[in-house]
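Please open the model and try each task before reading its solution.

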Amino acid sequence: MAGAHQSELSMLWIKALHIIFMVTWFAGLFYLPRLFVYHADCHDEPGHRRFLIMERKLYAIMTLGGALAVFFGLWLLRWHWPLTETWLQIKLLLVVALIGYHFWCRRLVRQFARGKNRHSGIFYRWFNEFPALVLVAVVLLAVLRPGG
Ligand code: HEM
């Protein structure tokens with residue numbers, strides 16, 4: 001009995017850490033594209049240099065949050081093996097898309113740094129919507145667990 005209780009308690013600790021770092025990750029996923037919106041419309045050198053510093057530092061923090069959210073998420077899979085639950089299969093597909101978006105942000109940070117940004121502020125406003133849609137879908141899947 002004590003073993004099962006211990007396992008449940010450690011799963012809850014891991015899930016709490018999973019959610020904490022997921023929030024950190026999303027803070028960056030929401031704010032970095034917003035910086036891209038303003039940076040794309042910025043035409044003065046001091047402003048350009050300031051955005052580069054903010055984007056580089058925010059990307060580093062967001063990557064740490066994302067890596068830890070994924071690490072604790074993968075650890076939680078231990079209690080869901082084999083992965084037969086439909087909600088979890090769909091969730092993992094959405095998370096793979098989110099990781100792809102994360103690395104697209106890295107490419108954009110580097111394009112701005114090389115002065116090679118090709119997109120308008122309007123493009124980045126639409127680009128900024130994607131993480132919000134994924135967040136709503138993933139949290140509803142993880143909490144409501146449709147299809148079991
Ligand atoms: C590779 C990445 C991820 C994996 C492997 C993963 C895996 C999991 C697993 C297995 C659970 C269920 C834990 C339990 O047994 O109760 C869980 C819970 C949860 N996950 Fe993730 N997750 C990942 C990424 C994310 C992301 C990106 C989000 C947010 C958008 C997220 C939000 C949540 C939430 C809110 C819960 C708690 C649901 C509840 O207990 O009601 N996860 N995750």
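**Exercise 1.** How far is an oxygen atom of the ligand from an N or O atom in the side chain of His 80?

*Solution.* A note before we start: this is a predicted model, with local features needing pLDDT of at least 70, side-chain atom pairs pLDDT 80 or more, and totals for chains, interfaces and linings using all residues. Residues are numbered from 1 along each chain as its sequence is written, and side-chain values use heavy atoms, without hydrogens and water. Now select the side chain of His 80: the distance is 2.5 Å. Next, take Lys 15, where a polar side-chain atom lies 2.6 Å from a ligand oxygen. Finally, His 18 places a polar side-chain atom 2.7 Å from a ligand nitrogen.

**Exercise 2.** Identify the protein donors of the ligand's iron atom and describe the site.

*Solution.* Begin with donors (N, O and S atoms within 2.8 Å of the metal, or 3.2 Å for Na, K and Ca; water is not among the atoms, so sites may look incomplete). The protein provides His 18 (NE2) and Lys 91 (NZ), 1.7 to 2.1 Å from the iron. His 18 belongs to helix α1 (residues 2–40) and Lys 91 to helix α3 (residues 86–113), 73 residues apart; helices are DSSP runs of H or I, at least four residues. Then check the angles: the six donor atoms give 84 to 178°, an octahedral site (six donors, opposite ones over 155 degrees apart and all others between 65 and 115). Last, check accessibility: His 18 and Lys 91 are both buried (under 20% relative accessible area, 1.4 Å probe, protein chains only).

**Exercise 3.** Which helix gives the largest share of the shell around the ligand?

*Solution.* Count by helix: α1 leads with seven residues.

Notes:
Four donors count as tetrahedral if all angles lie between 85 and 135 degrees; four count as square planar and six as octahedral if opposite donors are over 155 degrees apart and all others between 65 and 115; anything else is irregular. Helices (H or I, at least four residues) and strands (E, at least two) are DSSP runs, numbered from the N terminus. Buried means under 20% relative accessible area, exposed over 50%, partly exposed in between (1.4 Å probe, protein chains only). A polar contact is a pair of N or O atoms within 3.5 Å; within protein, one must be able to donate a hydrogen and the other to accept it, and residues adjacent in sequence count only if both atoms are side-chain atoms.
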